[in-house]
Amino acid sequence: MKGLSERLPDDYAALLAEVKERVYSAQYEALKAVNRELVALYWDIGKLIAGRQEREGWGRSVVERLADDLQNEFPGVRGFSVQNLWYMRQFYLEYRGDEKLQPLVGEISWSKNLIIMARSKDPLEREFYIRMTRKFGWSKNVLIHQIENQSYEKTLLGQTNFDKTLTPDQRTQAKLAVRDEYTFDFIEMGEEHSERELERALIARIEDFLRAMGGLFAFVGSQFRLEVDDKEYFIDLLLYHRRLKCLVAIELKIGEFQPEFVGKMQFYLTALDRQVREEGENPSIGIILCKEKSRTVVEYALHDARKPIGVSTYRMVKRLPKELKGQLPSPAEISQLLEDAE
């Protein structure tokens, strides 16, 4: 074996890595194909049960007998419980009239479909969570967390200048990455706290923080040092977004948003792009995270900003600002955003 190793070509490591990547890719595609077939099977069973009930008045006893017979016929196959058969029926009935969602449901697992079906009733909201689960690979726990924290509303309400400052390829992804409000219910702090205390609390629960931010962020550093003209400047938190392939600077503000925050963030983003950004990475993005904000003031402040910046709020308890619920984009605008997310 030692002699064989010595005769390996110089590029063997690269070959091995490429083959392994191909194997992983094939396994992943096979799993996706199996999942699509399983969801299609459950759809067909649900359709059969619903059809027979409508035509012949099937009741609970027939479904219970069907579950027993299927479990006896296929003892090694899970998923034929009475409850799951009723879920299949509900699944078919709820989606049979929605031609847009029907092809999407097979892209995520059955268990995640059940979570979305139970917790989201609006078709556009369901589409959002199905697409985001597929796109970002959310686990069941992450999906539940996203729904409980009302990511659908908070994403669509986001205040950014991305339409003017990012390319079309980046724009949609960035809009989906930066929310209008973040919930940090995993930290325990009083209403009165300093920016430094908030920063330390977030770093102490870094995994929860990154999950709250959306799951595709990686932590780079806190109080990240920049030097410009022999003067030091420090960014509160610096993250990296894996899908956007860019640095994300976060400034924490414990009070209300002020217009001058935008100028400071633009300075940081310029310094990051010139000094820190690696070749092949996209321009850096900034998030100004405040306790409160006036949406009108934010709109004015971002109007002529040349760097991509989003302004968000944070809180430590779950709450959807009811006064903003009626301000969601139109269904057509939401549909277009979700289509562009592909």
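How many salt bridges does the count come to by the rule applied here? The count comes to 21 salt bridges, a salt bridge being a side-chain nitrogen of Lys or Arg within 4 Å of a carboxyl oxygen of Asp or Glu. The model is predicted, so that local features need pLDDT of at least 70 and side-chain atom pairs count only at pLDDT 80 or more, while totals for chains, interfaces and linings use all residues. Residues are numbered from 1 along each chain as its sequence is written, and side-chain values use heavy atoms, with hydrogens and water left out.

**View 1. Packing of helix 6 with helix 15.** The axes of helix 6 (residues 123–136) and helix 15 (residues 331–340) come within 11 Å and cross at roughly 15°; helices are DSSP runs of H or I with at least four residues, numbered from the N terminus, and axes are lines fitted to C-alpha atoms over the stretch in contact, with angles running from 0 to 180 degrees between N-to-C directions. That angle makes helix 6 roughly parallel to helix 15, a term for angles under 35 degrees. The crossing is left-handed, meaning that the near helix is turned anticlockwise from the far one by less than a right angle. On the side of helix 6 the contact (heavy atoms within 4.5 Å) is made by L124, E127, F128 and R131, and on the side of helix 15 by P331, I334, S335, L338 and E339. By class, this contact has five nonpolar, one polar and three charged residues, where Ala, Val, Leu, Ile, Met, Phe, Trp, Tyr, Cys and Pro count as nonpolar, Asp, Glu, Lys and Arg as charged, and the others, Gly among them, as polar.

**View 2. The salt bridge between E127 and R131.** The side chains of E127 and R131 meet at 2.8 Å, N to O, and both residues lie in helix 6, four residues apart, about one turn of the helix. Both E127 and R131 are buried, that is, under 20% relative accessible area with a 1.4 Å probe and protein chains only, whereas exposed means over 50% and partly exposed lies in between.

**View 3. Two further salt bridges, D163 with K175 and E251 with K253.** In the pair formed by D163 and K175, the closest N and O atoms are 2.8 Å apart. D163 lies in helix 9 (residues 162–165) and K175 in helix 10 (residues 168–177), so this pair ties together parts that are twelve residues apart in sequence. D163 counts as partly exposed at 49% relative accessibility, and K175 is likewise partly exposed, at 27%. The side chains of E251 and K253 meet at 3.8 Å, N to O, and both of these residues are buried. Elsewhere, salt bridges that share partners join K100, E127 and R131 into one network.

View 4. I116 has 0% relative accessibility and, not counting residues up to four places away in sequence, touches Y95, I108, R126, Y129, I130, T133, L143 and I147. The C-alpha atoms of I116 and Y129, 13 residues apart along the chain, are separated by 7.1 Å.

**View 5. H145 in helix 7.** H145 belongs to helix 7 (residues 140–148) and is buried, with a relative accessible area of 17%. With residues up to four places away in sequence not counted, H145 touches R211 and A212.

Notes
Helix = DSSP H or I, 4+ residues; strand = E, 2+ residues; numbered from the N terminus. Parallel < 35°, antiparallel > 145°, perpendicular 65-115°, else oblique.
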